Amino acid sequence: MKQVNKSVPKIDGMGLAKGKPAFTDDLADSNAIIVKVLRSPHAFARIKNINVDKATKYPGVECIFTHKDVPRNVFTRAGQGYPEPSPKDKFILDEYVRYVGDELAIVAASTDEVAEQAMKLIEVDYEVLEPVLDFEKAENNKSVIHPEKEPYTMFPMGFDASKNIACTYDMHVGDVDEVLKNSEVVIDKTYYTQAQAHVAIETHSSTAYIDHYERLNIITSTQTPVHLRRIIGEALGMPINKIRVVKPRVGGAFGGKQQIHGELFCALVTLKTGRPSKCIYSRKEVFESSFSRHAMRLNIKIGAEKSGKLKAIDLRVLSDTGAYGEHALTVFMIAGSKTLPLYNKVDAVHFGGTVVYTNHTPGGAYRGYGAIQGNFALESAMDELANKLNIDPLELRKMNMIKEGETSEIFKIMGEGGEGTAQIIESCKLDYCLKRGSEMIKWNNKYQNKNKKVIDDKVRGIGLAIAMQGSGIPNMDMGAASLKLNDDGFFNLLIGATDLGTGSDTILAQIAAEALNVPVEDIVVYSSDSDLTPFDCGAYASSTTFVSGNGVKKTAEKMKNLIISEGAKHLKIDVSDTIFDGKIIKSKDGENSISLKEISKGWLYNYGQAQKQLLAVDSYVGKKSPPPYMAGFAEVEVDTKTGHFDILNYTAVVDCGTTINPKLALGQMEGGLLQGIGMAVYEDVKYNKYGQMLTNNLMNYKIPTREDVPNINVEFADSYEPSGPYGAKSVGEIGIDTPPAVIANAIFNAVGVRITDLPITPEKVLLAMKKKQIK
Amino acid sequence: MKIKLKINNQDKIIDIRPDEMLLEVLRKNGCLSVKHGCDTGSCGACTVLLDEKPILSCSYLAAKAEGHSIITVEGAQKKVEQISKYLVDEGGVQCGFCIPGLVLTVMSMEKELNNPSEEEITHYLSGNLCRCTGYSSHTRAIKKYLEEKK
């Protein structure tokens, strides 16, 4: 392998560092109409009347839309494949507002200031309704968040708006109650995970204009350009052949930009005025009025023999999808489907629960997507079991975890909202990950020396967890590519895949270069333009390296074959006697040959009736979703006087198959780990009793700074996934999954208290220690 | 109102609103590397150099910059390239949105701190948030840059 498993510098890295205008707001027309959104101050209200007369007359106002002026088509902003596995429960604007920050009116004006002034002139008469702010009391609450008649689901998912239920799901293998009853030891615990905000540094941004073909062009910071085109067509009731969606560079996304945001508002304004418009969210809008991670309650029971052999796992989940049901079903299902197969040797397993509507900011896709929530519960409970049985948690994992060549029935039963896809695990180096990670962090010494005083009141502890993710959604998500040969022998690689800063443009160029045996510089990438690039489902579900990467590999192999077959014709030799080494097309004995440089020029300029354009197109849909795996370890130092703790070391050993670009893979891991650590120890979306978000800016919602980074050590296992492009699996999400459980387990090891609700703050640690002393 | 500003070594007379922030004025005047990230002076994406010192242009009134010299990444391309080479090589430029602000702060740090330790580096740069990389690649890159520059 020459071009893959190689740390090629990210191809757009230098241009971005030098500040080239590459992001949505940089590309918007300098005269674009400013689009702002008037948002609800109430957690739940019906608009009795809305009067925009004064605002419309304000000088500089272009137009104002309320729910009376926009098409009433019900849709979901989730940005998923089709048919969508999320309830269709959203209108562009509605007579109800369902959370603080929900959209009331769209105001388009010449400047920000005019728009702000105009918004103050809009008169709204509300019927304030009793909000549902406790997700444990949402089901069957007398306040019904979606009383309207239109919402529906594209396939059965237990949706019952009258009970505030977005969806339900239930599966089982064997009789879990019976097996638990007969288990020698049972752990029965409840864990809570909080809402987390994505905090991509670029806020949600979109701009629109009408081009010279009179088509609507939308440039937007999105993970899913093609889904977006479909959803905009659906919401506006317009044919999608009139819409082009272009994704420029994206300033971070992490799932937050899978959903649609201001695109619809820009579209409405530009369609009405014929003029360019732009909608750039404020940071407050991103916090309050986009999406955050679904908060969950997870009840878990694990039954085991005294030897440590697991017998049964029962996981019951209640998830808060907020005011709308984007990703309600799928995030919740992944809390089971991307955790429970880790322990595939149980006699019985059950997963089920409910996703409820509340008057919170909607839940949405966020890196880790259910897996981090499930992992916290499962891997905390495993630690509790190890403690109860007095078995080393490392040994408990080894005894029970999935191994290469094995399967789990869950793969077949649970998929992305429906049935899954059976698969045998062909690459799983969890055993190595645990072994290597335990060496790196010196597990054996440190685990036994728990509660050891270091200095004064400080004690150290160590914890671990294992995790899995997936690689795309099998038999559903598709990635396609095209390669065009140019004179001088270089190629254009067109891909629908959406680089969010992850480096997918770079690694996909590496994959094409590897298949063609050419340098990466000879692959010129253009991505994510719904008019110009082939289909791709978009960047979510850890799919790009595996799904789009396989699509690129197939395309490049097709191009290679095309060069060989057409080259053979030119050289007048048999195809079976022709080889292409990346530079020269030749017969096997080398007697007949021509360089790619020369022939590519001839094919375009000089060969008369033999002139031709070489173009290859192919696509890939996964037959399976090979999970990447990892083992995470942390060492913490807890101050027993204050509950304050420091994470001294975080060690991660990862099996993501071949790393196409080791440094970019490392960046995915280090970035994912720190987001996971943020969720584990302080990030927390909080509301007051009126449903107003308290953490709606970066002063109140803290993300880790570079001073908060512990000593992080990441290594990759030597692994090869046969179904992946050159052996690769995904690496985008797996890094975020382990920190909550690992840190909870390390705190337990240090001071003997178990924090079961995230984030794990010093206050909670101290209170738990006090409670324990009292006992 | 009109103010005199030196932007990237060019003298300019610019018409501004009295309440306008420097960030907006710079973006309107072609400095698109200066990014809008948080509105509260918390993220560092809008960092520019004012008389060679880093400031947060989102919370700095343009009127207050009257008579001062502003440098953005557009006006320091060569230096930016020298530093960024290390960032790119270490995989430290993911989405890239925060990088112009970061690099300008590194430039200022170079002038201010002699031979900084890792702790001093992370402290100096702590106001430049990044959500993609986890920062470790930045630290590796900047240490290497400072080392090889010697």
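Colleague: Which element gives the most to the lining of the second largest pocket?

Modeller: E14(A), with three residues. This is a predicted model in which local features need pLDDT of at least 70 and side-chain atom pairs count only at pLDDT 80 or more, while totals for chains, interfaces and linings use all residues. Residues are numbered from 1 along each chain as its sequence is written, chains are lettered from A and ligands numbered from 1 in the order written, and side-chain values use heavy atoms, without hydrogens or water.

Colleague: What makes the space a pocket rather than a cavity?

Modeller: The search runs on a 1 Å grid over the protein atoms alone; a pocket is an open set with protein on both sides within 12 Å along at least five of seven lines, whereas in a cavity a 1.4 Å probe fits but cannot get out. Lining residues have an atom within 4 Å of a point. The second largest pocket holds about 650 Å³. Of its 36 lining residues, A:Gln194, A:Ala195, A:Asp684, A:Val685 and A:Lys686 are closest to the centre. Strands E8 (185–193), E13 (295–304) and E14 (310–322) of chain A each give two or more residues.

Colleague: How big is the largest pocket, and which residues lie nearest its centre?

Modeller: About 1500 Å³. That volume is the space filled by probe spheres set on grid points, which are joined across faces, edges and corners. The lining has 47 residues, with A:Lys36, A:Asp112, A:Glu113, B:Glu24 and B:His36 nearest the centre. Both chains supply elements, among them helix H4 (112–120) of chain A and helix H1 (22–28) of chain B. E1(A) gives the most, six residues.

Colleague: How do the residues of that lining divide by class?

Modeller: Into 16 nonpolar, ten polar and 21 charged. Asp, Glu, Lys and Arg count as charged; Ala, Val, Leu, Ile, Met, Phe, Trp, Tyr, Cys and Pro as nonpolar; the others, Gly among them, as polar. So A:Lys36, A:Asp112, A:Glu113 and B:Glu24 are charged, and B:His36 is polar.

Colleague: What is the volume of the largest cavity?

Modeller: About 610 Å³. The structure holds ten cavities of 30 Å³ or more. The largest is lined by 40 residues; A:Thr502, A:Gln668, A:Val731, A:Gly732 and A:Glu733 lie nearest its centre. H18(A) supplies the largest share, three residues. By class the lining has 17 nonpolar, 20 polar and three charged residues.

Colleague: Why is the pairing of A:Lys18 and B:Glu81 called a salt bridge?

Modeller: The rule asks for a side-chain nitrogen of Lys or Arg within 4 Å of a carboxyl oxygen of Asp or Glu. Here N to O is 2.9 Å, so the pair qualifies. The rule finds eight salt bridges across the interface of chain B and chain A.

Colleague: Which helices of chain B each supply at least two residues to the side that touches chain A?

Modeller: H2 (77–89), H3 (99–112), H4 (118–124) and H5 (136–149). H2(B) supplies the largest share, seven residues.

Colleague: How many residues are in contact there?

Modeller: 47 of chain B with 52 of chain A. Contact means heavy atoms within 4.5 Å. The chains bury about 4000 Å² between them, 57% of it on carbon and sulfur atoms. Buried area is the accessible area (1.4 Å probe) lost on being put together, summed over both parts.

Colleague: Where does A:Lys553 lie, and what is it in contact with beyond its sequence neighbours?

Modeller: In helix H16 of chain A. Leaving aside neighbours within four places, A:Lys553 is in contact with A:Ile511, A:Ala515, A:Pro725 and A:Tyr726. A:Ile511 is 42 residues away along the chain, with 6.1 Å between the C-alpha atoms.

Colleague: What makes the backbone at A:Pro83 and A:Val199 worth a note?

Modeller: Most residues other than glycine have a negative phi, and most peptide bonds are trans. A cis bond joins A:Tyr82 and A:Pro83, with omega about -5°. The bond from A:Leu758 to A:Pro759 is cis too, omega near -5°. Phi of A:Val199 is positive, near 55°. A:Val199 sits in the loop between E8 and E9 (205–210) of chain A.

Notes: Buried area = accessible area lost by both parts, 1.4 Å probe. Helix = DSSP H or I, 4+ residues; strand = E, 2+ residues; numbered from the N terminus.
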